[in-house]
Amino acid sequence: MSMEEDLPGTGDQKKFLYVNRRAPYGTIYALESLEVVLIGAAFDQDVSLAFFDDGVYQIVKDQDTSGIGMKNFSPTYRALGDYEVTRLYVEKESLEERGLTPDDLMEITYEDEDDDWAEKPSVRLVSRAELSEVMAEQDVILSF
Amino acid sequence: MPYQMNGTTVEHDEEGYIEELDKWSKELAEIIAQDENIDMTEEHWEVVNFLRDYYEEYQIAPAVRVLIKSIKKSMGKEKGNNKYLYTLFPYGPAKQACKIAGLPKPTGCV
């Protein structure tokens, strides 16, 4: 049986923020974070993700890992909407410091159940100050 | 015991998931299904093919509730429901169908 079928409904939803600050390859952090998010999504909590520092590279489009012999797992971020993870905060300053623009990021969307399944962007560009506010609202922050 | 097919063998882990995804073929799927006591019908293939497409696009095997929701969206609610999918794959549509589809165990299943 898959685990999510037997979870007790505790009723107290917490706000979880997964913080991603490292480049996608070279260490296992980015992939581990993504897997924890997907597994944790079964627990019916309020989950969002933040990308800053080198973490913004995790969701850059057209990744090609053929030269480093690792699996390109970046398409999996586009499945997050299916797992009801619909808010990916990306820090503007981190993009600018790396010469990136929002156009360099993958198109990641979710379907809004409350709006006739309209497709909406999951990525939310925020300033460093706005991201601090998002972090201050959380019950749990997991940093990778 | 590895799966035996036309004189070749395909290795799998202790739960029966194949280790090299590119070794998969329709013939191998039939052999894995036999091991699972499943007679592959058109309805089974529809789910297996759906999972392979999902993996191709997102590089993951979806958790069961995501699979059910996605099938409901693309094939309608008479197929996208627990009862229909568990009838086809009694030991879990995600787990068992992923095994037959030659994919890794779904992320989030224990």
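This is a predicted model: local features need pLDDT of at least 70, side-chain atom pairs count only at pLDDT 80 or more; totals for chains, interfaces and linings use all residues.
Let me begin with chain A, which has three helices and seven strands, and which, read along the sequence, follows the pattern β-α-β-β-α-β-β-β-α-β. Its radius of gyration is 15 Å, close to the 15 Å that the globule rule gives for 144 residues, so chain A is as compact as a globular protein of that length. Taken along the principal axes, the box filled by its C-alpha atoms is roughly 45 × 35 × 30 Å, and 30% of the 144 residues count as buried. If we consider the contacts in chain A between residues at least 6 apart in sequence, 77% of them join residues at least 24 apart.

I turn now to the core. The largest nonpolar core has 54 residues, and those with the most contacts inside it are A:Val37, A:Leu49, A:Phe51, B:Leu51, B:Ala97 and B:Ala101. At least two residues of this core come from each of β1, α1, β2 and β3 of chain A, and likewise from each of α1, α2, α3 and α5 of chain B. Which element gives the most to this core? That is α3(B), with five residues. As for B:Ala97, leaving aside residues up to four places away in sequence, it touches B:Val47, B:Val48, B:Leu51 and B:Phe89.

Next, α3(B) itself. After the helix comes B:Gly76, whose phi is positive, near 100°.

Finally, let us look at α1(A), a helix of twelve residues that reaches 16 Å from its first C-alpha to its last, close to the 16 Å expected at 1.5 Å a residue. Which residues of α1(A) are buried? They are A:Ala30, A:Ser33, A:Leu34, A:Val37 and A:Leu38. Seen down the axis of α1(A), these buried residues fall within an arc of 135°, so they line one face of the helix. What covers them includes β1 and β2 of chain A, and I would point out that A:Val37, which is buried in this helix, is also among the residues with the most contacts inside the largest nonpolar core.

Technical notes: Residues are numbered from 1 along each chain as its sequence is written. Chains are lettered from A and ligands numbered from 1 in the order in which they are written. A nonpolar core is a set of buried Ala, Val, Leu, Ile, Met, Phe, Trp, Tyr and Cys residues joined through C-beta atoms within 7 Å. A residue is buried if 20 or more other C-beta atoms lie within 10 Å of its own, exposed if 12 or fewer, and partly exposed in between; C-beta atoms are placed from the backbone. Helices (H or I, at least four residues) and strands (E, at least two) are DSSP runs, numbered from the N terminus. Two residues are in contact if their C-beta atoms, placed from the backbone, lie within 7 Å. The radius of gyration is taken over C-alpha atoms; the globule rule is 2.2 Å times the number of residues to the power 0.38. The expected span of a helix is 1.5 Å times one less than its number of residues. The arc is that of the directions from the helix axis to the C-beta atoms.
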